[in-house]
Amino acid sequence: MDNGSKDVLLSVRNLRKHFPIRGGIFSSHIGDVRAVDGISFDIHKSETVGLVGESGCGKTTAGRVILRLIEPTSGHTYYRPSPEVMERLKVLYGALDGTPADGEEGRKPSPNSVEALKELDGIANKYSIYRMSGKRLQALRGKLQIVFQDPFSSLSPRLLVRDIVAEPLEIHHMGTRAERYKRVAELLQAVGLNPDHLWRFPHEFSGGQRQRIGIARALALRPDFIVLDEPTSALDVSVQAQILNILKRLQVEQELSYLFISHHLSVVRAVSHRVVVMYLGKMAESAPTEELFNRPLHPYTQALLAAIPIPDPDHHRERIILSGDVPSPAAPPPGCCFHTRCPVVMPICSKVDPPLLEVRPDHIVACHLYPKAIGPGDSALPMASVGSSPLGSMTSPGGASAPPAS
Amino acid sequence: MSGSSKDETGATQEKARWGLPTLSKGRPNPQLAQLKRTLYFLRRNTLAIVGLGILIFFVCVALSSFFYPGSNLQMTQLCGTYPANTNTGCICTYPQGSVSPGPGCYAVSANDPSLVPPTVSLSPFGLGPLPLGSLTVDASGLYFFNLMAGLIKGAPWSLGIATSVVVSGSMIGLFLGSIAGYQGGKTDEVIMRITDVFLAIPGLLLLMVILATAGALFHGLSGHLGILILAFIATDWPIYTRIVRSQVLVTREQKFVEAAKASGARAGRIIRKHIVPNSLYPVFVQMSLDIGTVPLGLAALVFLGFNIYPSQYFPEWGLITAKSVSETFIKSILTLCQVGNCIFPWWQIFIPGITLFLFAISVNFLSDGLRDALDPRLRR
Amino acid sequence: MATEAMPAPSQRPIVAPPLESFPLSTEPLAAPAPSEATTISGSIGNVVLDVRNLRTYFFTYDGVVKALDGVTFNVRRGETVGLVGETGCGKSVTAFSVTKLIADPPGRIMDGTILFKGVNLLWGLEKEAIYRTDKKSNRIKVTRKYRRIKQGQDRMNAVRGGGISMIFQEPTSAMNPIFSVSNQISEALLLHRGPLIVKALLEATPNAPGVRPAIDHAIEVARSNDGKQLRIACEELGRATNLPSVGTQAYYILRGNWSNPEKKRPELLDAVHRARLSGLQRNFLRRELHRLALLQELKDVYLSEMRHGRVENAAHRSISRRITGLRARTFYFGIWGVRGRVNHPLVEETFWLTVKALEGVTIANPVQVARGYPHELSGGMLQRVMIAMALSAEPELLIADEPTTALDVTIQAQILELMRELKTRVGTAVLLITHDLGVIAEVADRVCVMYAGNIVEIGPVHGIFKEPLHPYTQGLLSSIPRMDDPTKKLESIPGSVPNLIYPPSGCRFHPRCPQAMPICKETRPPMTVEGGGHVVACHLYHGPVAKG
């Protein structure tokens with residue numbers, strides 16, 4: 001659980017993905033579905049970051065974009081930036097606070113951030129995965145893998161298990177066929193399956209076993225990072241425990257990092273080191289696991305935690321029942337996107353979008369209830385103080401314009 | 001986990017070849033198990049079995065036609081009809097005891113295999129049905145016509161043309177449809193608009209246009225079988241493109257395609273290995289349907305008067321039916337029925353027609369049964 | 001229907017189930033002796049649903065799937081029983097067997113007794129199919145008598161809806177997208193409460209003397225901005241006209257018009273006068289009443305058949321003759337013609353009854369939802385609409401098949417809150433099927449744990465969670481990540497769910513059980529009553545090696 005800028009595997013900055021809505025006679029561009037609207041966090045080596053939110057909040061899209069299965073609208077994901085580069089990124093993004101970087105939303109950058117943007121551009125050319133191509137991109141594919149939610153449709157029904165797991169090796173032309181199949185047998189053993197299962201079709205297996213085959217396939221190219229897209233949501237509880245144990249073991253053995261996307265907070269708590277809560281494409285809160293669960297600051301996080309059914313009939317806890325339904329990501333409410341359902345809504349919430357601020361050590365929240373960030377003297381600089389509001393620098397006097405790193 | 005109690009050891013041997021751990025007892029071969037399952041469901045469908053039976057019968061007839069008298073291609077083409085006066089090597093037989101139809105014909109015993117039942121005749125009015133399988137004279141008196149031989153000789157032609165048309169059309173359709181479905185965007189638009197153009201024109205009309213144009217442009221090509229097949233392929237491929245594209249649109253959203261992309265696979269590989277194998281079932285069903293419609297289309301063209309065969313006595317079912325119909329009707333209209341001898345030879349129209357009908361419907365039943373057996377949702 | 005409030009689970013005394021509900025014999029597959037009380041009349045005590053030795057098999061290409069093998073449990077009046085188990089354990093099959101919705105090829109209810117308030121739902125089962133074992137291939141050949149199966153389904157239609165009603169897992173695909181919400185709920189209402197609705201409409205008194213003053217009073221109250229008072233006043237109006245739905249309509253007309261409710265007087269008068277029916281309309285409604293009453297009679301005949309166990313052919317014939325006669329006299333005028341105008345009062349009436357039903361499931365804007373279509377609603381709203389539809393017929397038993405699995409956590413919390421509220425307000429017995437133990441802990445009173453087609457443990461919710469007896473329950477509880485103890489290692493149950501075509505011999509859990517004994521492989525453990533309402537099927541608690 002490293003903090004700070006050492007051993008950062010992936011640094012996601014201001015990632016946005018807008019899907020255009022086409023309508024009218026000529027399929028003109030009417031609007032955007034803002035699936036992911038500005039998320040930023042870091043993933044360190046051997047760390048599990050849990051990405052939590054309800055359906056429609058964009059976490060699945062975020063996982064795909066981080067892997068470059070979908071091209072983002074703006075933002076960057078830096079792969080293995082060195083500690084010096086991380087420091088520079090902090091400084092640069094801090095300096096760009098409030099101004100759109102990277103051509104976001106079609107706005108022109110202000111003159112005094114042109115320098116910063118140029119330097120950012122240079123760093124992006126070297127480290128951002130969206131600017132890689134050719135051989136480098138192919139090599140990257142092996143390092144960033146994904147395990148899907150639905151064990152029933154994520155394995156091709158017409159291929160034998162042997163071919164399914166050997167496919168990544170085949171694509172990258174690794175070894176002869178015999179060597180590939182040997183490796184497949186090793187991988188299946190690593191996830192706890194009998195190598196005899198090579199010779200079967202996926203439909204002969206149960207959900208948990210299929211999920212294990214999916215994990216074996218993801219491990220084929222020795223990745224650094226795996227996006228786990230709700231890996232246990234379609235499985236039963238006891239099987240879920242098996243899979244989670246396997247994942248934990250593999251993380252230790254192979255030094256993997258995970259992005260664990262889920263809407264089951266209890267499961268996320270059991271596996272993650274850090275949790276990021278998303279709502280309607282924006283980050284609501286981000287903190288280490290225990291900090292988040294013991295002290296949830298954002299009202300949405302509090303409601304989520306209160307809504308989880310606890311398998312204990314005597315447990316009485318405060319019920320925070322949110323009214324209404326999740327708004328559509330094509331037409332998010334103005335200001336704070338949560339204000340239509342928030343139990344503690346204030347007048348400012350419907351006008352201004354709250355910026356992401358570090359209000360406690362390593363605990364980042366975007367809520368008007370916490371308008372002040374901790375000052376620079378306390379601890380690590382705010383890593384994501386770029387607010388998506390045009391008035392960002394005006395509403396967050398505390399940590400907005402960060403001084404240059406010493 | 002299949003219910004069969006027999007174990008296949010093919011898997012064991014293959015595993016030993018790769019140097020992988022083998023089981024003490026053999027495991028059932030999964031691909032074989034799938035085939036068995038499909039056959040089981042096909043077996044349970046009576047209509048499909050009937051269709052399959054009739055189709056197998058036709059295939060056997062087609063295969064046995066190569067042993068029918070007549071040595072080289074020229075002979076084969078003409079042996080459906082036996083020119084009475086020229087020496088082409090075809091043997092002309094008639095049963096002993098009846099009158100010889102023409103010079104150069106041999107009398108054979110009634111049990112000779114060259115006399116093939118049933119009794120059919122294309123004789124002009126008044127002569128009535130002749131004894132089993134004997135030759136008959138056509139209107140000009142120059143050519144003899146044996147309906148049964150014509151049908152037997154025609155079986156490989158009908159089947160062959162149908163199969164080649166269908167296979168080529170489906171391959172073109174698979175190729176174009178998978179590209180269109182997978183790439184989307186402009187490629188998709190372009191391919192689908194071309195497909196729509198071809199589909200908007202009724203099949204028969206398109207066929208006629210193509211054949212007429214080819215015949216007009218290249219004089220040696222009218223009556224050329226190759227052009228005929230190409231014309232049919234041109235009318236057939238759009239349907240496959242449509243079918244394949246719709247399947248591809250569904251398959252490409254599946255998670256395993258995304259997983260392959262995540263592993264770095266490129267479009268060609270994904271299409272080849274993932275999308276096409278999963279899109280094959282509707283293509284098989286459509287193929288089995290089309291095999292039935294091609295001979296019907298050929299018959300339609302001949303009825304409309306198109307000159308699509310190398311010779312007017314080419315042994316193809318459609319041609320035989322057309323000739324039978326035209327000859328019979330013309331005769332019946334032109335010839336006044338003399339006293340007592342007015343028998344309308346309905347069998348001349350009925351028998352070739354029913355051959356076509358049986359062929360088409362057997363293929364239909366088979367394709368229905370195949371669809372039910374292959375569809376993963378309908379299976380139990 | 002219990003209308004008084006139910007005390008909270010922790011305060012309710014735990015009552016042991018009556019002993020005769022559970023067969024204590026060591027041969028659970030033998031048919032139980034039906035007690036006379038259940039087949040003659042009435043129900044024993046307060047048991048709404050009594051399932052004994054239910055066996056459901058599916059005959060597939062791969063073999064015979066023994067989905068349910070001797071399932072025994074019961075549901076009492078007003079209580080919520082949770083049926084818990086993992087995928088493939090047969091809980092959905094149980095629900096569909098109870099309502100006889102099993103797809104008949106390939107499935108078949110082989111054996112068992114399902115007593116619903118004294119009515120045997122599986123009467124006539126043995127005549128529906130003939131089983132033969134093919135010695136050579138060792139397959140069972142099933143010859144189904146479709147006529148008898150259809151008769152069985154007709155009989156079940158008498159019970160479905162009004163007696164047992166069901167809500168399903170995927171709310172977004174459970175409703176027909178081409179009909180409006182009110183149309184679909186009206187359909188359910190008319191099917192089960194048709195005669196009552198039509199009779200109420202016919203007997204309404206829009207010209208009663210108390211109506212005018214009631215209207216004036218309602219308008220008065222509307223001025224005062226008080227929602228509760230307005231509702232009371234509108235209910236008064238409804239009572240005055242002898243038609244409660246007028247009250248609902250009046251409430252929604254006046255609601256929100258605080259400034260000038262006088263403007264709404266013509267609308268109110270229209271609402272009241274919709275109960276004034278013309279002669280033609282009255283005729284039509286009387287014919288409808290006759291028709292619906294006949295259908296109700298048919299249902300009653302079916303119920304008595306199932307209750308008394310004999311076919312009533314004479315009654316069938318007479319009713320079908322009358323129905324045919326009736327059909328000959330009514331004919332269809334077309335939607336825009338006379339029939340449309342004639343039908344309208346009934347449509348209006350059921351529309352407002354629908355609105356009332358939607359109010360009952362705490363939907364904030366019921367009129368808008370009722371006029372709208374299913375595709376306009378989100379998952380949570382649709383599930384509420386489904387619950388409204390299911391409860392509109394006032395069933396004795398509601399079977400909820402994984403109602404919240406497809407919903408988000410916060411929406412799930414809303415629905416569970418609604419179910420708790422309905423429990424106290426309406427008091428229907430609920431059979432809640434789910435795999436989420438957290439949901440069970442929140443809503444259920446008693447829990448049945450299923451594994452591979454058998455019930456392994458039944459008990460009150462506290463007993464199950466605090467002191468699980470069966471090793472499977474213990475394994476389940478220890479493999480859930482707990483919010484209150486996050487560092488606890490997740491214990492998983494080794495192995496996987498068995499193939500139900502070749503289930504393990506004896507106790508089906510023995511290959512995975514950490515405490516398996518030699519006897520577990522041989523005999524299937526019977527259900528043993530452990531006291532405190534706790535029943536468990538495990539050799540640890542039965543026989544010579546039983547623990548204390």
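I take buried to mean under 20% relative accessible area, exposed over 50%, and partly exposed in between (1.4 Å probe, protein chains only).

I am working on a predicted model, where local features need pLDDT of at least 70, side-chain atom pairs count only at pLDDT 80 or more, and totals for chains, interfaces and linings use all residues. Residues are numbered from 1 along each chain as its sequence is written, chains are lettered from A and ligands numbered from 1 in the order in which they are written, and side-chain values use heavy atoms, with hydrogens and water left out.

Entry one, salt bridges. I count a side-chain nitrogen of Lys or Arg within 4 Å of a carboxyl oxygen of Asp or Glu. I get 56 of them over all chains.

Entry two, Arg274(A). I find its side chain in a salt bridge with Asp362(A), at 3.0 Å from N to O.

I see a salt bridge to Arg508(C), with the closest N and O atoms 2.6 Å apart. This pair spans 439 residues, and both partners are buried.

I note a salt bridge to Arg249(A), 3.3 Å from N to O. Arg249(A) is partly exposed, with 35% relative accessible area.

Entry five, a network. I list Arg16(A), Arg34(A), Asp37(A), Lys282(A) and Asp353(A) as linked by salt bridges.

Definitions and conventions. Helices (H or I, at least four residues) and strands (E, at least two) are DSSP runs, numbered from the N terminus.
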